[in-house]
Amino acid sequence: MTDNLTCPACKATDLDVCKYDSMMVLRKDTALFSLRCPHCGASVSSVHAIPAQLREEIRFAAIEVGAGMGAGE
Ligand SMILES: [Zn+2]
């Protein structure tokens, strides 16, 4: 199973969803990831399964979101 997205602009296939700029959780195992292509700088948004290594992070993020939208950074 791959955790990479494909850039629609330059067709690079090594966009790591773990390096997302933002992530909107749609379901407990699926999220809309937004990231910037490291090759051409295009903004890429794609619905993707949440990688196992991000699940724990998301659990905390969900708590933060519950406490106040837009918090963080
Ligand atoms: Zn690109």
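**Close-up views of a predicted model**

Met 24 lies in strand β3 (residues 22-27); strands are DSSP runs of E with at least two residues, numbered from the N terminus. The model is predicted, so local features need pLDDT of at least 70 and side-chain atom pairs pLDDT 80 or more, while totals for chains, interfaces and linings use all residues. Residues are numbered from 1 along each chain as its sequence is written, and side-chain values use heavy atoms, without hydrogens and water.

**View 1. A nonpolar surface patch holds Met 24, Leu 26 and Val 47.** Together they have about 290 Å² of accessible area (Shrake-Rupley method, 1.4 Å probe). Met 24 is exposed, at 52% relative accessibility (buried is under 20%, exposed over 50%, partly exposed in between).

**View 2. Four cysteines coordinate the zinc ion.** The donors are the SG atoms of Cys 7, Cys 10, Cys 37 and Cys 40, at 2.3 Å (donors are N, O and S atoms within 2.8 Å of the metal, 3.2 Å for Na, K and Ca). The site is tetrahedral, with angles of 107 to 113° (four donors, all angles between 85 and 135 degrees). Cys 7 is in the β1-β2 loop and Cys 40 in the β4-β5 loop, so the pair ties together parts 33 residues apart in sequence. Cys 7 is buried at 0%; Cys 40 is partly exposed at 39%.

**View 3. Thr 30 sits in strand β4.** Thr 30 is buried, at 10% relative accessibility. Beyond neighbours within four places in sequence, Thr 30 contacts Val 25, Val 47, His 48, Ala 49 and Ile 50 (heavy atoms within 4.5 Å).

Technical notes:
Tetrahedral: all angles 85-135°; square planar, octahedral: opposite > 155°, others 65-115°. Helix = DSSP H or I, 4+ residues; strand = E, 2+ residues; numbered from the N terminus. Buried < 20%, exposed > 50% of the residue type's maximum accessible area, 1.4 Å probe, protein only. Patch = residues over 30% accessible without salt bridge, like charges linked within 9 Å, V, L, I, M, F, W, Y side chains within 5 Å. Salt bridge = Lys/Arg side-chain N within 4 Å of Asp/Glu carboxyl O.
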